[in-house]
Amino acid sequence: MAERLKEIKKVTAIAKLNDVPTSPRKMRLVADMIRGMEVNRAMDVLKYTKREAAGRLAKLVRSAIANWEAKNEANRKELENGNVIVKTIMVGQGSTLKRIRTAPQGRAGRIRKRSNHVTIIVGTRDIKKEENNNEQPATKEE
């Protein structure tokens, strides 16, 4: 069990971005677009996405790719072949800055400036699992 976990950690790389001054909901919209994609294709998608969060995620994906290359110097061709994918991308809520804005009739309105934390895990595509999923079960003919 421990050996299997060590092997998994060798082929995956993690990158984190904490306290991004964007609401988690806006960041999740962009993160959902690249979840499960091959990293080069994900970079292309982020490059042509107009949302502000796309630029920050593109920088994070580049960091994750660099981390993966540092761990897997012998397997650099995997990146060129398109076998490195965005396995997991998680967007969590960060701290919220609470501000006050004036409102009519002497009242005060709350402004919540939200932030988020993004974690991305990049790894190689499991070719064995995909081959098993692509095999069609034999049908019984009657």
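**Salt bridges, a nonpolar patch and a buried loop residue**

Glutamate 7 is partly exposed, at a relative accessible area of 47%. Here, buried means under 20% relative accessible area, exposed means over 50%, and partly exposed lies in between (1.4 Å probe, protein chains only). The model is predicted, so local features need pLDDT of at least 70 and side-chain atom pairs count only at pLDDT 80 or more, while totals for chains, interfaces and linings use all residues. Residues are numbered from 1 along each chain as its sequence is written, and side-chain values use heavy atoms, with hydrogens and water left out.

Glutamate 7 forms a salt bridge with lysine 10. The closest N and O atoms of this pair are 3.8 Å apart. A salt bridge is a side-chain nitrogen of Lys or Arg within 4 Å of a carboxyl oxygen of Asp or Glu. Glutamate 7 and lysine 10 are separated by about one helical turn because they lie three residues apart in helix H1. Helices (H or I, at least four residues) and strands (E, at least two) are DSSP runs, numbered from the N terminus.

The count of salt bridges comes to three. Another joins arginine 35 to aspartate 32, with the closest N and O atoms 2.6 Å apart. Arginine 35 is partly exposed, at 40% relative accessible area. Aspartate 32 also counts as partly exposed, with a value of 45%.

Arginine 56 and glutamate 52 form a further salt bridge, at 3.2 Å from N to O. Both residues lie in helix H4. They are four residues apart, about one turn of the helix. Arginine 56 is partly exposed, with a relative accessible area of 26%. Glutamate 52 counts as exposed, at 57% relative accessibility.

Methionine 1 is found in the segment before helix H1 (2-11). Methionine 1 is exposed, because its relative accessible area is 73%. Met1, Leu5 and Ile8 make a nonpolar surface patch of about 320 Å². Patches are made of residues with over 30% relative accessible area and no salt bridge; like charges are joined within 9 Å, and nonpolar side chains (Val, Leu, Ile, Met, Phe, Trp, Tyr) within 5 Å. Accessible areas come from the Shrake-Rupley method with a 1.4 Å probe; for residues, only the protein chains shown count as cover.

Asparagine 72 sits in the loop between helix H4 (52-71) and helix H5 (76-81). Asparagine 72 is buried, because its relative accessible area is 7%. Neighbours within four places in sequence aside, asparagine 72 is in contact (heavy atoms within 4.5 Å) with Lys10 and Val11.
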